[in-house]
Amino acid sequence: MTIVRHTGLRRTGRGRPRNGEGTAAPAGFAPGQPLELAGRRALVVGLARTGLETANFLARRGALVTVTDRKGPDALAEALGRLDPRVGRELGGHRLETFLAQDLVVPSPGMPMDDPLLDAARRAGVRVISEIELAYRFLPVPLLAVTGTNGKSTVTTALGLCLAAAGIPARVGGNIGNALVGEVDALAGARWVVAEVSSFQLEWIETFRPRVAALLNLSEDHLDRYASYEDYVRAKLRIFERMEAGDDLVLNADDPLVAERAAAARARAAWFSMRRIPRRGVYLFRGWIYSRLGERLGQRVLPVAEMRIAGTHNQENALAVTAMALLAGCAPRHVREVFRAFRGLPHRTEFVRETHGVRWYDDSKGTNVGATARTLAGLPGPVVLILGGKDKGGSYAPLAPLVRGRARALVLLGEARGKIAAELAGTAPIVEVAEMGEAVRRCAELAQPGDVVLLSPACASFDQYTSYAERGDHFQREVNAL
């Protein structure tokens, strides 16, 4: 194990940081209470992007920071080159005595709550908080937060674009790629922070309170991490546990579990629905998104025929964006402007090309059954579906009604292909392959003019790839090479 102790760490000024002075927050906003960090011992677990940003943030505020990572210095060379030189390093493994010697531990989102090291630290009186809790304590402006099983990144990105179209200064961060804590020192002039929030990040919150939060949907995911689906749901629901009556909670009226479990929330509900007209919220009616927020009820916002992104699931995402954008001060014209141009994010029902009348879509970000079901339900025509990867512990049986009678074939790859084949046997012809190139070639042989070939694996990518993006890029290269 490599251990490098602190080098010349100095104390800095106490009290709230000056970053963000001069910002114009909405009326009634009460900022979080900053933690006193100067001279406190803080351990950051994991030196990926979030850990790097967290360690540097803490060091800038005078904390006595150590980072610990199971990887060695060679594997972490790039991150170490960007790490504040005042931060101590313990690499190549974790040491219990280091966890026990801290005032504060900020774990990697990938570290489960029941990890023995975290459990020992808490029993010893060490405070454990997530990176988003740390960031929230120092935000000088209110927070627009998005969570749910699927659609988070699309909604977060489009919401940020709506604010930009309206000329409302905002920063976008969180689980979408750039750590929320890394945005705190870049908020001069901002009026909002927009954050995508995962269940992992919500596990260690204390005071985290969005001004507007969205719970998009709930379905099985990360059951390789959680002991039960209920544990996963409870983690998601923490997003609104600190919200008050003056806050707004944007909820999916078409998701029975969301509707049931959000009944305990103190915040004002703003519902979005593809099927009904809510008393307060936004809805789809005769090809238009309408708003029942503010003074004008039944106000037209966006004709869905003008949207550039495909699928009914993206119409649902647009409803959530509309509600949050209007609550944040955007006008309907700003939402229209964004969705007339927004093509979606890479690897999320991304159109790749058409060959011989067959349309190919990359939905590599479909890493759970709920995501794949939403994409399947939103695309027309017969489909040849590529499934498989690293299993996350859930059942694939919910795909059966969507596949039966519609899928021309299922092409299965990765570690989970045997389990998927067993659970979806009899729903469609099944072809098992070893790798992506073979999967694409078999799809080209099976598909007929008018069909859709869809990569939406319903699995994580980590059996054969480092990320869903690498998997999607490989799929696109193979499709473009046909």
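Apart from neighbours within four places in sequence, Y229 is in contact (heavy atoms within 4.5 Å) with L218, S219, E220, L223 and L257. The model is predicted, with local features requiring pLDDT of at least 70 and side-chain atom pairs counted only at pLDDT 80 or more, while totals for chains, interfaces and linings use all residues. Residues are numbered from 1 along each chain as its sequence is written, and side-chain values use heavy atoms, with hydrogens and water left out.

Y229 belongs to helix 8; helices (H or I, at least four residues) and strands (E, at least two) are DSSP runs, numbered from the N terminus. Because its relative accessible area is 26%, Y229 is classed as partly exposed; buried denotes under 20% relative accessible area, exposed over 50%, and partly exposed the range in between (1.4 Å probe, protein chains only). A polar atom of the Y229 side chain lies 3.5 Å from the backbone oxygen of L218. These two residues are eleven apart along the chain, and their C-alpha atoms are separated by 9.9 Å.

Helix 8 (229-237) is also among the elements that cover the buried residues of helix 6, including strand 7 (143-147), strand 8 (170-174) and helix 10 (312-327). Helix 6 spans residues 152-165 and reaches 20 Å from its first C-alpha to its last, close to the 20 Å expected at 1.5 Å a residue, the expected span being 1.5 Å times one less than the number of residues. Eleven of the 14 residues of helix 6 are buried, among them K152, V155, L159 and C162. Just after helix 6, G167 adopts a positive phi of about 75°.

D363 is located in the loop between strand 17 (358-362) and helix 12 (369-378). Although buried, D363 has no salt bridge, and R348, the nearest side chain of opposite charge, is 7.2 Å away. A salt bridge requires a side-chain nitrogen of Lys or Arg within 4 Å of a carboxyl oxygen of Asp or Glu; Lys and Arg count as positive and Asp and Glu as negative, whereas His and the chain ends are not counted. The side chain of D363 places a polar atom 3.0 Å from the backbone nitrogen of T349.

E435 occupies the loop between strand 20 (430-432) and helix 15 (436-446), and its 29% relative accessibility makes this residue partly exposed. The E435 side chain reaches the backbone nitrogen of E438 at 2.8 Å. Beyond neighbours within four places in sequence, E435 is in contact with L413, R441, Q464 and H474.

Methods. A polar contact is a pair of N or O atoms within 3.5 Å; within protein, one must be able to donate a hydrogen and the other to accept it, and residues adjacent in sequence count only if both atoms are side-chain atoms.
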